[in-house]
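Please consult the sequence and the model shown below.

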Amino acid sequence: MSLDCPSPTAPPLVLRRLPGQDLVLTPEALSFLAELQSRFGTRIHALMLARARRQARIDAGALPDYLPETKAIRQGIWEAAPVPEALRDRRVEITGPVERKMMINALNSGARVFMADFEDATAPSFANILAGHRNMLDYRDGTLEFDDPKTGKSYRVGADPAVLIVRPRGLHMAEANVLLAGQPISAALFDFGLTLWHCGRALAASGRGPFYYLPKLESHHEARLWNEVFVFAQDRVGLARGTIKATVLIETLPAAFEMDEIIWELRDHIAGLNCGRWDYIFSYIKTLRNHKAFTLPDRAEVTMDRAFLASYAARLVKVCHRRGIHAMGGMAAAIPVRDDAAANERAFAQVHADKLREVGMGHDGTWVAHPDLVPVAMAVFDAEMPGPNQIRIPRQAWRIEPAMLLRPHEGRVTEAGLRTNISVALDYLAAWLSGRGAVPIRNLMEDAATAEICRAQLWQWRHHGVSVALAAGGSRAVSSDWLGELMQQEIASVLDRIGATAFHRGHYATAARLLLEAVTAETLPDFLTTAAYAVLNALD
């Protein structure tokens, strides 16, 4: 679809009315959303169909590989446009939902960058999404503050906050509460369009944006779409082309084979690639779902220092530095263990070791999920990376063959791992249905990505009849009946732990139904949250 198609004659239809929405969904902003959807909505739909066709080929026996038609791009000598001054040093980035208090704490955390996450860390109820966009307006105006009525504490953004990067929702998601021509508009365009319309000019004037993280891309064709969105949007709001800078999360297996091509398509607008490792593990399982040879062991054994994950991280650093952009490390999901000093020390030591591995590989920065981990990661990068980044340190000696990006981790599938996956997925999905997208579970900050790993592994193990090492000795093959039994046991455990009232208010029964349907489905559903979104919308 060309960029010169006519503007729609009517603005989108907003199905809900919530307090403060008139400040966000102004007539001008809605008109801009309509233009974006009119120009790019059909393209997004076509790209989602292309994803399905590629997946069908892989299900039928094909394996991901480098594209022969883009060999010249991979082998070419070229670089992306320079990274802006505000993003030269990204040694520690903190991520979190767009909830008001958490945004303030993240901005004040001491991290160089804060990623405000409309995607995996935010349950996308319309109330949550609109509140997040309202918070963006206050951030723009310097009035983002919060007085907690429960504690009496006041929260204000400090004098030297982190640089803000926005992560809109993925291209596969729809915003069901806003319709154009009777159809939901793209959630990605909704989040991008509102933040750019309201905040883009102010951020550009200060030299601190507008910056974006692009989630769950699967191909360079999707990167091309985003580049065209950026070009049109900058022209429309009066920004010079190239003002928008995006960092692409390489969090799908297909995208790992198209890193050079993704950078090429976004070369005027790209600042880096990121190892979105939790979603990447999920995508590995989902993409190779029909191939038993790529079955993974317990989630705890799928670590970044070996097999397909180590190759993926090495390739990302190599490609990014060759193209003159940042190679960002992955998330440290650990959170402080307040009531166990020994466990807290172990968690922080694991984070330290993980960040030391990343900086040694050549990463230019890393992610944490909790403010208390900012000093831990910062100390590692300060000691090992004296300059603002490592972009000019080449890593061209690494040769990553396609088979290396597919090599599975070796290890056992255990009863403990099986039960943990059920417990984490159930707890997270119940919290998500209750409106919380970032949830502390078992001393880890879980978001939609880690919940997706859990349920995808359960499906994979059942689909291939994987043998599980039982705690009492012996083994048992995973089946639908056994998963149903274990789910009932977990429900009984939750009821005993929190009581019947909290169980029902917490939407555990609905979460259990959605989870069991997903893990026993004939075909692995693309996203657990897609089915759950309709329920969330009804509960909102």
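Contact here means heavy atoms within 4.5 Å. By that criterion, and leaving aside residues up to four places away in sequence, I391 touches H321, G324, I325, H326 and D364. The model is predicted, so local features need pLDDT of at least 70 and side-chain atom pairs count only at pLDDT 80 or more, while totals for chains, interfaces and linings use all residues. Residues are numbered from 1 along each chain as its sequence is written, and side-chain values use heavy atoms, with hydrogens and water left out.

I391 lies in the loop between α13 (374-384) and α14 (415-433); helices are DSSP runs of H or I with at least four residues, numbered from the N terminus. T450, in turn, is found in helix α15 (residues 448-463) and touches W278 and R299, again not counting residues up to four places away in sequence. The side chain of T450 also reaches the backbone oxygen of D447 at 3.0 Å.

The table gives the accessibility of both residues; buried means under 20% relative accessible area, with a 1.4 Å probe and protein chains only.

| Residue | Relative accessibility | Class |
|---|---|---|
| I391 | 7% | buried |
| T450 | 1% | buried |

Helix α7 (residues 220-237) has 18 residues, and at 1.5 Å a residue it should span 26 Å, which agrees with the 26 Å between its end C-alpha atoms. The expected span is 1.5 Å times one less than the number of residues. Because 13 of the 18 residues of α7 are buried, the helix is largely enclosed by the rest of the structure. At its N-terminal end, S219 caps α7, with a side-chain oxygen 3.3 Å from the backbone nitrogen of H221. Just after α7, G238 takes a positive phi of about 90°.

Notes: Helix = DSSP H or I, 4+ residues; strand = E, 2+ residues; numbered from the N terminus. Buried < 20%, exposed > 50% of the residue type's maximum accessible area, 1.4 Å probe, protein only. Polar contact = N/O pair within 3.5 Å; in protein donor to acceptor, adjacent residues only side chain to side chain.
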